[in-house]
2 protein chains.
Amino acid sequence: MRIRVDWRSSCSLTGTVLKWLAVPLAAPLVLAAYDGDAITPFVVAVVVTAVLGAALELLSDERELGQREGFLMVALTWLGVAVVGAIPFYLAGLAAGPSSAFYSLVNALFESMSGLTTTGATVMGGWDFENQSRAILLWRQLIQWLGGLGILIVAIGLLSNLMVGGAQLMETETQTRNVTKLTPQIESTARLIWGLYVGLTLLAAATFYALHLVGLGPNMDLFNAVSHALTSVATAGFSPEGQSIGAFSPVVQWAVMPFMILGATNFVLLYYISQGDFERPLESEELRFYLGAIVFFSVIVSFIIGLDPEINKGFEETLRHGFFNVVSLVTTTGYASTDFDLWTPGAKHVLFLCMFLGGMAGSTTCSIKTLRWLVIFKGLYRNFFTSIHPSAVRPVRLGDGVVEEETINDIFSYVMLAIVIFFLLTIIIVVDAARVGTTVTEFEALGAAASIFLNIGPAFGMAGPMDNYAGFPVTTRAVMVVMMWIGRIEIIPVLVLLLPAYWRS
Amino acid sequence: MRIRVDWRSSCSLTGTVLKWLAVPLAAPLVLAAYDGDAITPFVVAVVVTAVLGAALELLSDERELGQREGFLMVALTWLGVAVVGAIPFYLAGLAAGPSSAFYSLVNALFESMSGLTTTGATVMGGWDFENQSRAILLWRQLIQWLGGLGILIVAIGLLSNLMVGGAQLMETETQTRNVTKLTPQIESTARLIWGLYVGLTLLAAATFYALHLVGLGPNMDLFNAVSHALTSVATAGFSPEGQSIGAFSPVVQWAVMPFMILGATNFVLLYYISQGDFERPLESEELRFYLGAIVFFSVIVSFIIGLDPEINKGFEETLRHGFFNVVSLVTTTGYASTDFDLWTPGAKHVLFLCMFLGGMAGSTTCSIKTLRWLVIFKGLYRNFFTSIHPSAVRPVRLGDGVVEEETINDIFSYVMLAIVIFFLLTIIIVVDAARVGTTVTEFEALGAAASIFLNIGPAFGMAGPMDNYAGFPVTTRAVMVVMMWIGRIEIIPVLVLLLPAYWRS
Ligand SMILES: [K+]
Ligand SMILES: [K+]
């Protein structure tokens, strides 16, 4: 056992990521130049990330990470990219405050962290949507897509080995435990995922644009097609349109749904499908549970909004809005097909609960994830059984295998931790609101806390899908930045850093 | 291992309880005769319970219960007593519907189950408070007191051995595991608890009435003093006053608090205190955690309401209302010193979270209980440690001992189960409300579900402390009756009955 955590290695790998961040930053730079908009925000960001990245990289040429170094590298990378990603927003004056630099800085960082963590919560008001350049809007979309790719690589390649909160259960081809030399494995997994992810994104963009070309999506031009392809496959949710997917035709709304669903499907299963193997996906209990949950909650929401004559404008429309917004929240995308904040409370409440589900493990999805819920339900059922037959041994089965007891405990512990932090965040939100005299209702606080910490995006009331988070006190937003960061990388990689034992032997 | 569950033994013991229920039913009968009010409701109830009880008792003369028989006996007893307890309410027309018998039956059963489970949620409107006899009001108080006594006996004598959700951790003198012959032990524990419980109730009644005699509680007459002693020590919450404890003077409000706190304190610790041993209670980590949580949340709530000039009428009053209502909800009593439903959303939200705490294990309290939360927090902290040092063995300590891993898992599983059922109940509430076209807001649904399932009593909106549950659809109230029952006896004794394996070998 090494005496101390090798923080230099972690920083060095984060440096490599930052250095390469200059490449995707070139895309909005080129677009800004093409459109004749300001290029300075992107030039500065490219220079900063290249210099900072190269400098950090020099800290170590050790490329092997243990468990602790992996945690640190993940935490640092998400923080570092979010900070660099905020530079263009800050320099372009996105959602800038009238006077306070702190206010503008927090907003730029909020938008960037919300992007990178694929949360999709925005501080952009109507002014920003109308006046920000296409380059800035593209960077918002692109950082989400990068965030989705990053989490895929971490979830399948890294955290599955670090065994965080039961993620090791995920169906991966690289299911080995207690791996200490992670890097080669990450690289091979990364290549595989990269191909699938790019392919899926191109397919989405082609589909959306094709609808435009045949006249079914009048305003789904190339920029919009690419922009929404980037953030649907990443289950991320930013849109250059203030009305989100509600700005587009019903056909487009239906067409977006499968891409959100695919983005939240285990990429190992997608890999099998891409190889023509449909048997394994069909056998996946988690896939059935995930799709079943979507149908279950969509039917409930459609039923409730169908009862309201103010919302129910016909069968197709009711079903479309019911399914779209449930799919959007279960997959943690956070698009909206309509302002669901205007729905009856019952429908909004069910949407709120959907936020806690999440899609499949090993995908771009956020939140708790269906794999964990499946194991929890199976574990609870098993525990009923053992509470009447204490001496019986009855393992929890998943697919062909048996879930180890340690894994079950990890999952219960993880979900409980998430719920505890979620509740703490709601307390911070209401106390901070009371402090500055802002009215935040109980459900607004619950919805915003869930949406931020579980990386969904929109919530209800002033965090509603057609509104934005600028209504909260700036101090609350600063806390939310941290919470999006913690939530996206599954809590533990950040929280262990606070433990003295982490830094000691 | 016995082949089948011995349901006759369980029914027989439930019969004994029902037979003896005739004795406390005599108290309101006598009061009704004394006041010249209708005695028929009580005469019918006495006859039914005596006959039914004696008949059930004949089913078996086996007095030894195994684990499965214990679960069944507890579930049947709470159901049976609630049904018998509803008879006087039904015959007296308490919260009766204008036409439908189902409506009146559900309301009578709701009030009775809410009483027995020490929930304290009421369907009584202003008419009932003004027109029901003192005898009916006394029976409401008395059934709560009996429910508190019953749960004490089960919690310390029975469930602690049945090892439900980690209750075996509780500091009891009778800490033996895997006991199959429970009855003698229950009887000795029952006598000890009975003495403490009666003593505490008498002390409360004497204190309240003394305040009246010295002029500090003008309307705290003997009937009110006894009534509130019965339901404060039982952390139950019914009041013959529509304004709850808000109907009384500030001094009385302060005086009620310690009795709620004592009612939610582990009775084994109270036993030590009654023997002059203060050392053990002072060493109890759970006691410190419980009192610390009360102070923590009281300060937050007082802070929030103190910022609102409409509510803040001075330091003493703000602190009194902050502490009173936090104490009331953390101990799961459910009294109110003022209509906290009129408070700012932030304060209400913190009160909502307080509901999930509960007082100490081995008391009359409901909800999750501080013992479980303490183990969860310690378990989560330990898991951070092992997530960076997977090979390290680091047991969770509580007081002098080590908490077994199996117990920790039981507790995580129990709390997760409670949270899942709580969320399901909120879905039932909003869907049922949508079905009949009643507007139930998201927070009303969340608050009512928590308050019902965790056996608190009041919540927010139409379930607020100065309102009642009659505003919900009658079908929702029927579901709530079942949920109060399941919640009070810690879920598992009811849910295992649904398991085919329970009834087989
Ligand atoms: K999202
Ligand atoms: K109560």
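Trainee: What spacing do the donors of the potassium ion (ligand 2) follow along the chain?

Mentor: Donors are N, O and S atoms within 2.8 Å of the metal (3.2 Å for Na, K and Ca); water is not among the atoms, so sites may look incomplete. For the potassium ion (ligand 2), the spacing is T-T-x116-A-x95-T-T-x121-N-I. This is a predicted model, where local features need pLDDT of at least 70, side-chain atom pairs count only at pLDDT 80 or more, and totals for chains, interfaces and linings use all residues; side-chain values use heavy atoms, without hydrogens and water. Residues are numbered from 1 along each chain as its sequence is written, while chains are lettered from A and ligands numbered from 1 in the order in which they are written.

Trainee: Which residues are the protein donors of ligand 2?

Mentor: Thr118(B), Thr119(B), Ala236(B), Thr332(B), Thr333(B), Asn455(B) and Ile456(B) each donate through atom O, at 2.3 to 3.0 Å from the potassium ion. Ala236(B) sits in the loop between α9 (222-233) and α10 (250-263) of chain B and Thr332(B) in the loop between α14 (315-330) and α15, so this pair ties together parts that are 96 residues apart in sequence. Helices here are DSSP runs (H or I, at least four residues), numbered from the N terminus.

Trainee: Are Ala236(B) and Thr332(B) buried or exposed?

Mentor: Buried means under 20% relative accessible area, with a 1.4 Å probe and protein chains only. Both Ala236(B) and Thr332(B) are buried.

Trainee: What are the protein donors of the potassium ion (ligand 1)?

Mentor: They are the O atoms of Thr118(A), Thr119(A), Ala236(A), Thr332(A), Thr333(A), Asn455(A) and Ile456(A), 2.3 to 3.1 Å from the ion. Ala236(A) lies in the loop between α9 (222-233) and α10 (250-263) of chain A, and Ile456(A) in the loop between α18 (442-453) and α19 (474-488), so the pair joins parts 220 residues apart in sequence. Ala236(A) is buried at 0% relative accessible area, and Ile456(A) is buried at 0% as well.

Trainee: How many residues of chain B are in contact with chain A?

Mentor: Contact means heavy atoms within 4.5 Å. Here 57 residues of chain B touch 57 residues of chain A.

Trainee: How many salt bridges does the rule find across this interface?

Mentor: A salt bridge puts a side-chain nitrogen of Lys or Arg within 4 Å of a carboxyl oxygen of Asp or Glu. The rule finds 2 across the interface of chain B and chain A. Glu442(B) and Lys348(A) form a salt bridge at 3.5 Å, N to O. The largest share, 15 residues, comes from α17(B).

How values were computed
Helices (H or I, at least four residues) and strands (E, at least two) are DSSP runs, numbered from the N terminus. Buried means under 20% relative accessible area, exposed over 50%, partly exposed in between (1.4 Å probe, protein chains only).
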